[in-house]
Amino acid sequence: MVSAPEAGIFAALREAAGDDWRDYVEHPFVRGLGDGTLPEGAFRHYLVQDYLFLIQFARAYGLAAYKADTLAEIRAASDGLKALVEVEMDLHRTYCAGWGLEEAALEGADADGATLAYTSYVLERGLAGDLLDLRVALAPCVVGYGEIGARLAADPATRTDGNPYASWIEMYAGTEYQAFMRAEVEALDSLAARRGRSARFEALAVTFRTATRLEAAFWQAGLDAA
C-alpha cells in the first residue's frame, strides 16, 4: 500500500512513481532534444501528435469545468480552456510551420496509438472520477514538461549552439511556462486538500504512475516513427 509522504501532492505523487517518472523525464527522446541528436523525423511526428493531443487537452479542460464544485474552479477551467484554444494552439501551429508542417497537415493527421492511449486515459479518469482524478492524470504532462525544460536548460550536456531543439527547451524552461507550472502545482495541492488527499492517495498514485508511463510511451512513439 502506498502512503502519502508529508509533501505537496505533486511531489508525493512523483516520489511514488519512482523509476517510471525517471524513465519519462530522462527518456532517450528527451536526451536527444538536449544534445540535438534526436532524428528530425521523430520530432516532426511528435509535433503532429502533440497538436492532436492539445485538442483532447482542450476537451479535458471543458470536462474540468463540468466536474468543478465551485465558481472559482469553473473560472480556472474556463481560463485554461481559453488560453489553450486561443493562445497555445496558435503558438503550436506557428511553431509547426517552422518545421514545414502546415495546418492542413496537422488537421488531416491521424492520432497514433500512444496519443489515443494517453488522451483516452485522461478523459476516462475525469469521467469516472472527480476533478482531482482528472487533474492528477494531466499533471505528468502539465508539470512534467516544465521539469523537463528546466532540467535540460540546467544540464551542462545540453547543446545550445546549433541545436535545432533549443527553442523547444527555451519555451518550457522559460519564465512564462515555469510560472504556469508552479501555479498548477499550487492548484493541485489546494484541490487535493479539499478533496481528501490522504484517504485517496493510493488510487491517485496509480493514476499518476499510469499517466506517466503513457507520457513516456508518447516519447517512444516519436522515436519509433523516425
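## Pocket, cavity and core in a predicted helical model

The largest pocket is lined by 20 residues, and Leu-84, Glu-88, Tyr-172, Tyr-177 and Phe-180 lie nearest its centre. H4, helix H5 (71-97), H8, helix H9 (166-173) and helix H10 (175-194) each give two or more residues to this lining. H5 gives the most, with seven residues.

This is a predicted model: local features need pLDDT of at least 70, side-chain atom pairs count only at pLDDT 80 or more, and totals for chains, interfaces and linings use all residues. Residues are numbered from 1 along each chain as its sequence is written, and side-chain values use heavy atoms, with hydrogens and water left out.

The structure holds one cavity of 30 Å³ or more. Its lining consists of Tyr-61, Ala-64, Glu-73, Ala-76, Ala-77, Leu-131 and Arg-135.

| Space | Volume | Top contributor to lining |
|---|---|---|
| Largest pocket | about 600 Å³ | H5, seven residues |
| Largest cavity | about 40 Å³ | H5, three residues |

Both terms rest on a 1 Å grid over the protein atoms alone: a cavity is a set of points where a 1.4 Å probe fits but cannot get out, a pocket is an open set with protein on both sides within 12 Å along at least five of seven lines, and lining residues have an atom within 4 Å of a point. Grid points are joined across faces, edges and corners, and a volume is the space filled by probe spheres set on the points.

The largest nonpolar core has 70 residues. Such a core is a set of buried Ala, Val, Leu, Ile, Met, Phe, Trp, Tyr and Cys residues joined through side-chain atoms within 4.5 Å. Phe-43, Tyr-46, Tyr-145, Trp-168 and Trp-219 touch the most other members. H4 supplies the largest share, 15 residues. Beyond four places in sequence, Trp-219 is in contact (heavy atoms within 4.5 Å) with residues including Tyr-46, Tyr-145 and Trp-168.

Helix H7 (residues 113-128) has 16 residues and reaches 22 Å from first C-alpha to last, close to the 22 Å expected at 1.5 Å a residue. Helices are DSSP runs (H or I, at least four residues), numbered from the N terminus. At its start, a side-chain oxygen of Asp-112 reaches to within 3.2 Å of the backbone nitrogen of Ala-114.

Technical notes. The expected span of a helix is 1.5 Å times one less than its number of residues. A polar contact is a pair of N or O atoms within 3.5 Å; within protein, one must be able to donate a hydrogen and the other to accept it, and residues adjacent in sequence count only if both atoms are side-chain atoms. Buried means under 20% relative accessible area, exposed over 50%, partly exposed in between (1.4 Å probe, protein chains only).
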